[in-house]
Amino acid sequence: MPEGDTVLQTAARLHAALAGRVLTHADLRVPRFATADLSGRTVLDVTARGKHLLTRVEGGLTLHSHLRMDGAWRIYAPGERWRGGPGHQIRAVLANTDHTAVGYRLPVLELLRTSEEGKAVGHLGPDLLGPDWNLDRAVENLLAAPDRPLGEALLDQRNLAGIGNVYKCELCFLARVTPWLPVGALPDGTLPRLVALAHRVLDANRDRPTRTTTIRAERRPRPSTPPPTPTGRPLPPLRVQDPLYVYGRGGRPCLRCGTPIRKIDQEDRPTYWCPACQSGPTPCTAPGPHTS
């Protein structure tokens with residue numbers, strides 16, 4: 001599933017291809033907006049808000065899209081073969097004289113007035129990669145439901161926008177707690193540090209083609225002593241060849257302690273954790289250590 005950093009990169013590519021140019025062709029292949037014609041209008045900008053994409057068009061209109069599990073926007077040059085999937089998966093086509101943006105498998109696609117964008121994204125919490133980022137507000141949102149499992153709370157875009165399943169697993173590992181630990185059970189001071197780390201990690205990956213959490217990609221030289229994890233303990237040893245600590249590594253040895261990483265599927269989303277490094281409750285149905 002695309003997460004905040006991926007959606008931000010998608011918005012940047014769409015903006016570079018479409019913004020400031022007149023649409024020569026526009027085709028919205030959803031019944032509700034099939035007759036809407038944006039041809040002849042100039043695209044003003046393309047902006048990411050959490051995991052949402054807002055394509056603003058001349059005349060006070062915004063095309064709102066969300067990628068969810070497997071949606072994608074692809075950009076092609078004139079005459080280039082479209083390769084994002086079969087034709088029946090195409091939901092939107094936006095073209096100008098230089099580029100064609102094609103939206104595949106978009107589960108959310110709607111045309112609304114720019115003045116009413118709040119109907120689509122007004123429910124979102126502070127955007128980890130947006131100008132509205134506010135650590136204190138994000139922490140306050142998370143603490144509003146202290147009995148809620150941490151992993152579930154991090155995924156709730158109403159608390160803070162941009163974290164998906166990959167970052168959920170990685171952040172819980174870095175905090176050394178399981179995703180099922182209630183938010184209110186975190187040690188004192190841990191939650192603000194965890195939220196600050198979430199912002200730092202997503203920001204470090206905002207321009208990276210391959211997401212990584214095992215390397216601190218900072219804009220300044222790395223200090224000789226790495227910053228602490230949210231629990232105040234040192235980071236696990238860095239293994240450059242492994243971009244992620246636990247996600248996608250079910251059955252493989254933990255990069256820190258060597259214990260096999262565990263995995264369990266919950267509501268079509270896999271959760272990964274290290275049973276030795278991460279303290280807290282786990283599902284009683286969790287698979288054995290070698291299950292992947």
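**Burial and salt bridges**

Tutor: This is a predicted model. Buried means under 20% relative accessible area, so R211, at 19% relative accessibility, counts as buried.

Student: Which residue does the side chain of R211 meet in a salt bridge?

Tutor: The partner of R211 is D5, with 2.9 Å from N to O. D5 has 2% relative accessibility and therefore counts as buried.

Student: How many salt bridges does the structure hold?

Tutor: There are 14. Among them is R56 with E117, whose closest N and O atoms are 2.7 Å apart. R56 is in strand β3 and E117 in the loop between β8 and α2 (118–121), so this pair ties together parts 61 residues apart in sequence. Both R56 and E117 are buried.

Student: Is R158 buried or exposed?

Tutor: R158 is exposed, at 53% relative accessible area, whereas its salt-bridge partner D156 is buried, at 9%. R148, E152, D156 and R158 are linked in a network of salt bridges.

Student: What is the strand order in the open sheet of four strands?

Tutor: The order is β2-β3-β4-β8, with antiparallel pairing. β2 (43–49) and β8 (108–113) are the edge strands, each pairing on one side only. Helix α1 (residues 4–18) packs on this sheet and touches β2 and β3 (52–57). The direction of α1 makes about 175° with that of β2.

How values were computed
Residues numbered from 1 in each chain as written. Predicted model: local features only at pLDDT ≥ 70, side-chain atom pairs only at ≥ 80, totals over all residues. Heavy atoms only, no water. Pairing = 2+ DSSP bridges. Helix = DSSP H or I, 4+ residues; strand = E, 2+ residues; numbered from the N terminus. Contact = heavy atoms within 4.5 Å. Axes fitted to C-alpha atoms, helices over the stretch in contact; angles between N-to-C directions. Salt bridge = Lys/Arg side-chain N within 4 Å of Asp/Glu carboxyl O. Buried < 20%, exposed > 50% of the residue type's maximum accessible area, 1.4 Å probe, protein only.
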